[in-house]
Amino acid sequence: MSRHVLIAGLLALAASAPAFAADGDGILSLRWGKNAFNFEGMPTGPQPLRNLSRRPDGTANAGQLVGDYKNPILTPEAAAVVKGKGELAIAGVGFRNSQDQCRPIAPPFSLAMGTSWQMLPMKNGDITIIYDQNANQRHIRMNGIHPANLKPSATGDSIGHWEGDTLVIDTVGARVDTYTSVDRFGTPQTEAMHVVERYRLIDGVQAKAQVDKFEYDEGTVGGGGRNGGGRNAGYNPDTSLKGLELDITMTDPKVFTQPLTARVTYRRLVTRLEENVCADNPVEHYKDEWVGLPRAEKPDF
């Protein structure tokens, strides 16, 4: 089944869904986006990794990903991995991740990389999230519980509930492989990763200020700097519209010395959902980046 047929079916299911609770008003069924990868820091507490490679003006060199391996949030084992990835970047050698290999992307990496997406309320009350990148999708079972004997899967098992006007999504059981990482700096994760997402609406002017600052400091997608050209995010210019703030708490004892909470700010988009072909049309950003998708040695049937 092609992706556009699948999306059409999901949209039809969403359209036939009963009116969702007031908690969902303003978050569900709208397109949200950002124009920078990775995570924003929190006002206090442990901070996510930032790029040590900086330009003379202090902004990040988004074309050279050197993670802060001395960040105390990292365990020694995780710090060694990040340090090694940074050394590759300094040497001009790229390192692969699940996004550039056209693999399914699990949280938290999907939240670091997802630049445009939409939550669709389903007829049964669940939520499907469609990301524009890699034809990536997640199914959120509302008011459910995780299975007792959970088998790891590509995007993990996600359950959600509303706490007032905040949508909370709890994900465990993401399957990991050679390309799995927390962020673009190659921070590793294990199958013990537990991610809690908390989505809430914020003032539109505040959202624009947070987005502008992070994009300027850390570089926009494809441009490397806020005025460097590259990708057009497609933001709705009307700042009277609410923005969306996502706080992500990541717990993985083999990677982090304590739970890490980071933030992503989104703005409303004027763009429409488009088909994004990845595996059939891979793009190499550096030599020998694409290794191809796994192939079965024998048919399944």
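This is a short tour of a predicted model, stop by stop.

**Before you start**

Residues count from 1 along each chain as its sequence is written, and side-chain values use heavy atoms, with hydrogens and water left out. Because the model is predicted, local features need pLDDT of at least 70 and side-chain atom pairs count only at pLDDT 80 or more, while totals for chains, interfaces and linings use all residues.

**Stop 1: the whole protein**

Show everything as a cartoon. There are four helices and nine strands. These are DSSP runs, numbered from the N terminus: helices are H or I with at least four residues, strands are E with at least two. Starting at the N terminus, the order is α-β-α-α-β-β-β-β-β-β-α-β-β. Of the 301 residues, 48% are buried (under 20% relative accessible area; exposed is over 50%, partly exposed in between; 1.4 Å probe, protein chains only).

**Stop 2: the barrel**

Select the strands. All nine close into a barrel, in the order S1-S2-S3-S4-S5-S6-S7-S8-S9, with mixed pairing. Two strands pair if DSSP finds at least two bridges between them. From one strand to the next, the twist averages 30 degrees. Axes here are lines fitted to C-alpha atoms, for helices over the stretch in contact, and angles run from 0 to 180 degrees between N-to-C directions.

Now pick S1 (residues 31-33) and S9 (residues 260-268). They run antiparallel, joined by two bridges. Trp 32 has Arg 268 as its bridge partner in S9.

**Stop 3: helix H4**

Select residues 204-218. This helix, H4, lies across S7 (194-202), S8 (243-251) and S9. Its direction is at about 115 degrees to S9.

**Stop 4: salt bridges**

Show side chains. Eleven salt bridges turn up across the whole structure (a side-chain nitrogen of Lys or Arg within 4 Å of a carboxyl oxygen of Asp or Glu).

Go to Asp 132 and Arg 31. Their side chains form a salt bridge, 2.9 Å from N to O. Asp 132 sits in the loop between S3 and S4, Arg 31 in S1, 101 residues apart. Both are buried.

Next, Glu 218 and Arg 54. Their closest N and O atoms are 3.3 Å apart. Glu 218 is in H4, and Arg 54 is in the loop between S1 and H2. Is Glu 218 buried or exposed? Glu 218 counts as buried because its relative accessibility is 18%. Arg 54, at 25%, counts as partly exposed.

Last, Glu 197 and Arg 138. This salt bridge spans 2.8 Å between the closest N and O atoms. The pair links S7 to S4.

Methods. Contact means heavy atoms within 4.5 Å.
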